[in-house]
Amino acid sequence: MACCPKDALGKLGTGGYVNKGKVEKVDTLDLYVVGSGPKCIIWNYDIFGFDSGRTRQTADLFAEAGYLVIIPDFYRGTWKDPTAPDVVQFIKDQTNWAELKQDLEKIVLPFAKSKGATSLGALGTCWGSYMVVRECAYEQFKAGVSWHPSHPPLVGLMGENEKLLLANINCPQLFMPAGADAESCKKGGLGEQVLGSKLTITEFPDMQHGWTVRGDMSDPAIARDVTKAVTETLEFFAKHL
């Protein structure tokens, strides 16, 4: 396993949705930008990349709620099916913290500041939860949310220490694991042991990994839990940003 459990949902097309934001380029990094204001959410996507499923559509929804939302294209235009034979190498290449750190510090954070951001939150789906954990060690970030998080297997794959990375987090966190996601993200797991009162956990045992941005919204249960995830996340950011 690289980042997604075996029952994870596959790539979802954008369904003809018309984005409300725009893509800007800084150096070699594309960034999707939507909304405005001093409260900014850095959105960290899943393994399917920059424009898959409801990623931008959901970012637009958060912008409508009053946030500046920025999606950096850390993968530089690529993506990978988690069932592909070369997925492990892809993940290792894309989860190189030394390179991601440069993107964050030299491009993403200055870019957010140039757009008027004064308070930052991080949101990540699947692979993106690795970035949430990393970003929330920075003092600029005031809250982090991870939907169906994949940082536990990613940290293991990269030979890093999950407990140490969690210990470096300096702001409140909200984990929203699906049924098959890592036990360390669930109640009683390593995340709760390390973060204590900093961590809120809402489990979605009936959901498959990826449901928030890739689940079939015609399924009443998925629509219910997508709505719940978005609503609780907005409440969390409203409290902490």
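Analyst: Cys171 is buried, with a relative accessible area of 3%, where buried means under 20% relative accessible area, exposed over 50% and partly exposed in between, with a 1.4 Å probe and protein chains only. Cys136 is buried too, at 0%. The model is predicted, so local features need pLDDT of at least 70 and side-chain atom pairs count only at pLDDT 80 or more, while totals for chains, interfaces and linings use all residues. Residues are numbered from 1 along each chain as its sequence is written, and side-chain values use heavy atoms, with hydrogens and water left out.

A disulfide is a pair of cysteine sulfur atoms within 2.5 Å. The closest cysteine sulfur to that of Cys136 belongs to Cys171 and lies 3.6 Å away, too far for a bond. Cys171 is accordingly in no disulfide, and the count comes to 0 disulfides.

Turning to the helix: helices are DSSP runs of H or I with at least four residues, and strands are runs of E with at least two, numbered from the N terminus. Helix 3 covers residues 97-114, 18 residues in total. From first C-alpha to last, helix 3 reaches 24 Å, close to the 26 Å expected at 1.5 Å a residue; the expected span is 1.5 Å times one less than the number of residues. Helix 3 bends by about 35° at Leu104, the bend being the angle between axes fitted to the seven residues ending there and the seven starting there. Leu104 is also one of the buried residues of helix 3, which include Trp97, Asp103 and Phe111. After helix 3 comes Gly116, with a positive phi near 100°.
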